[in-house]
Every structure is written in C-alpha cells, then in structure tokens.
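Here are my notes for you on this one. Have a look at the model first, then read through the points with it open beside you.

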Amino acid sequence: MLSQQGLYARRSSQAIMQHVMLACIPAFLALSVFYGIGNLLNLFWTLIAATLCESLACALRKQNIKSTLADGSAYLTALLLALALPPALPWWMCALAAGSA
C-alpha cells in the first residue's frame, strides 16, 4: 500500500502557488460580478504593496529579488488578501494590509 505522499509527484513551490492562484480565479470573478470592481482595485493595490515589500525585504537581506519573486508567494498572498478584504476598502488600507502580511 502506498502512502499518500507516494501518490503525488514532487512539485516545486512555484507550481503549487500557480495552481492555488488558478483555483482562486472563479471566486475572484464571482466576487467581481456580485460586488463590482472594488475587488479588482484591492488586487491592484495589494499586488503593488506585496511586491514592493518583498523586494525591499530581499534587498535588505541581500538576497536575489528576481528569484524570490519568481516563487509567487507574494502574489498569492496579495490575491488571497484581496479576496478577503471588503470591496470598498480604501487603497492605503489594502497596501498596509499587504505590507504587513
């Protein structure tokens, strides 16, 4: 009998992040239909803030920014945060939330 770990091939963290982001697309589209473009604006601001904060943290730690951002964890964090925040939230609150996440 195989363990559950043996059933799945090894995947990189980048591939897992991409699969989770793809799985969030229907929910994001549904929220946009029901609540308008507020979620799109939240996504815009959270993506900018998460990317800037991740880049700043990598620069301070003297790590490669490009390889760290290629992982997709900052983008996934921004997407999940944009889904969780209210659509009418001010831009600076979105940016603050993404920066602290």
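1. Let's start with helix 2, whose buried residues are M17, C24, F28 and S32. "Buried" means under 20% relative accessible area, while over 50% is exposed and in between is partly exposed (1.4 Å probe, protein chains only). Helix 3 and helix 5 are among the things that cover these residues. Cover here is about contact, meaning heavy atoms within 4.5 Å.

2. Before going on, a word on what you're looking at. This is a predicted model, where local features need pLDDT of at least 70 and side-chain atom pairs count only at pLDDT 80 or more, while totals for chains, interfaces and linings use all residues. Residues are numbered from 1 along each chain as its sequence is written, and side-chain values use heavy atoms, with hydrogens and water left out.

3. How does the length of helix 2 work out? Its 23 residues (13-35) should span 33 Å at 1.5 Å a residue, and the end C-alpha atoms are 32 Å apart, which agrees. The expected span is 1.5 Å times one less than the number of residues.

4. Helix 2 does bend, though: by about 30° at I25, with a proline, P26, following within four residues. That bend is the angle between axes fitted to the seven residues ending there and the seven starting there. Just after helix 2, look for G36, which has a positive phi of about 90°.

5. Now zoom out. The protein has six helices and zero strands. Both are DSSP runs numbered from the N terminus: helices are H or I with at least four residues, strands E with at least two. The C-alpha trace spans about 50 × 40 × 15 Å along its principal axes, and 26% of the 101 residues count as buried.

6. Which residues make up the largest nonpolar core? There are nine: A49, A50, L69, A74, A78, L81, L85, C94 and A98. Such a core is a set of buried Ala, Val, Leu, Ile, Met, Phe, Trp, Tyr and Cys residues joined through side-chain atoms within 4.5 Å. Helix 3 (38-60), helix 5 (73-84) and helix 6 (91-100) each give two or more residues to this core, and helix 5 supplies the largest share, three residues.
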